[in-house]
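Hi there,

Here is the structure I promised to pass on. Have a look at it first, and then read on for my notes.

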Amino acid sequence: MSILSLPQQSIYTGSLILINAAHGYREPEHDDLLSVPEGEPVFREYHTPAAGTASAVATNAVLLNRRAATLLCQLIQTLGGWDTIVPVSGWRSRAEQQTIWDDSMAQHGEEFTRTFVALPGHSEHETGLAIDLGQKSSHIDFICPDFPYDGICGTFRRLAASYGFVERYPAGKEQVTGIGHEPWHFRYVGVPHAFIMTELDFVLEEYMEFLRDYPLGDRPYIYQNHGLDISVSYQKAAETGSTAVKLDDTVPYSVSGNNVDGFIITEWRNHHADK
């Protein structure tokens, strides 16, 4: 066993952070973004430029967190989907989200904007973990791109969890997420979490609440996949200072903040049928 010390700020980082109207994004700086290409999976590095300097990527580039971008491109490549699926909007700066909010309010009014555009500071797009996708056509709506449930877009959905993505704002969950049905908006949460959320029909708000019943060191939630027992646990953060977490350092693990009050711990162990 080893003791991992998690700083208070770590609550607000990781692939499972919950971003919504109640929980804003606190880590606006990025140096881990990659361009998601249109047409071919060729990456270009992007680092947040210093004030007054030019970006290394064209202003119309669609950017994502490095791991999310890599897996998204692998998924689209597997589908042979670069001629059909168009990355519409990925990472946005706080300023860009504010501009989108203001423009939508002016053009479409408050009801539409509050349904389909997140408040600046409360948008998943600011994390680099969210992507809006569209089906290629002569005109693609930037706010509400068409991404149907059939054809190659439907196949994308069926395979999305295998690459760590979930449809973030499904129909029927509007009262939970606070956002209208957005069939084009996908969020990277990683494996096994995308599998669990899909199988249990959870959105991220529900999943974070569900995991509170599985505290670290008591009874983890076990998800079996490809010969592995994957345990998922919740650890409440210390009220002040760092949080000490006891982990088995002989097994692979990952830690993500939940952006609320603690951490999600994921551990991968070989499955033994006789235990």
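Does N259 count as buried or exposed, going by its relative accessibility? With a relative accessibility of 3%, N259 counts as buried. Before I come back to that residue, please keep in mind that this is a predicted model.

**Overall picture**

The protein is built from 7 helices and 13 strands. Its radius of gyration is 19 Å, close to the 19 Å that the globule rule gives for 275 residues, so the protein is as compact as a globular protein of that length. Along the principal axes, the C-alpha atoms fill a box of roughly 55 × 40 × 40 Å. Of the 275 residues, 49% count as buried. If you take the contacts between residues at least 6 apart in sequence, 68% of them join residues at least 24 apart.

As for the surface, the protein exposes about 13200 Å², and carbon and sulfur atoms supply 50% of that area. The charged side chains comprise 19 positive and 36 negative ones, with the centres of the two sets 4 Å apart.

**The cores**

In soluble globular proteins, nonpolar side chains tend to be buried together. Here, the largest nonpolar core has 29 residues. Those with the most contacts inside this core are V36, L72, I131, L133, F147, F156 and F165. Two or more residues each come from the strands β2 (33-36), β4 (62-65), β6 (130-135) and β8 (182-188), and from the helices α1 (66-79) and α4 (151-160). The largest share, 8 residues, is supplied by α1.

How many of the 8 residues of helix α7 (residues 204-211) are buried? The count is 6, so the helix is largely enclosed by the rest of the structure. The buried residues in α7 are L204, E205, Y207, M208, F210 and L211.

The loop between α6 (193-200) and α7 holds D201. At 51% relative accessibility, D201 counts as exposed, given that the cut-off for exposed is over 50%. Not counting residues up to four places away in sequence, D201 touches K173 and E206. From D201 to L216 there are 15 residues in sequence and 23 Å in space, C-alpha to C-alpha.

**Backbone points to check**

D201 has a phi near 60 degrees, a positive value in a residue other than glycine. N259 likewise has a positive phi, near 70 degrees, and is not a glycine. N259 is found in the loop between β12 (253-257) and β13 (262-270). To put the two residues side by side, D201 counts as exposed, whereas N259 counts as buried.

There is also a cis peptide bond, which joins V191 and P192 and has an omega of about 15 degrees. P192 sits in the loop between β8 and α6.

**One more residue, in strand β13**

R269 lies in strand β13. With a relative accessible area of 28%, R269 is partly exposed. Beyond its neighbours within four places in sequence, R269 is in contact with G227, L228, D229, S231, D248 and V251. R269 and P215 are 54 residues apart in sequence, and their C-alpha atoms are 18 Å apart in space.

That is what I have for now. Happy browsing!

Best wishes

Terms used
Residues are numbered from 1 along each chain as its sequence is written. This is a predicted model: local features need pLDDT of at least 70, side-chain atom pairs count only at pLDDT 80 or more; totals for chains, interfaces and linings use all residues. Side-chain values use heavy atoms; hydrogens and water are left out. Helices (H or I, at least four residues) and strands (E, at least two) are DSSP runs, numbered from the N terminus. The radius of gyration is taken over C-alpha atoms; the globule rule is 2.2 Å times the number of residues to the power 0.38. Buried means under 20% relative accessible area, exposed over 50%, partly exposed in between (1.4 Å probe, protein chains only). Contact means heavy atoms within 4.5 Å. Accessible areas come from the Shrake-Rupley method with a 1.4 Å probe; for residues, only the protein chains shown count as cover. Lys and Arg count as positive and Asp and Glu as negative; His and the chain ends are not counted. The place of a charge is taken as NZ of Lys, CZ of Arg, CG of Asp or CD of Glu. A nonpolar core is a set of buried Ala, Val, Leu, Ile, Met, Phe, Trp, Tyr and Cys residues joined through side-chain atoms within 4.5 Å.
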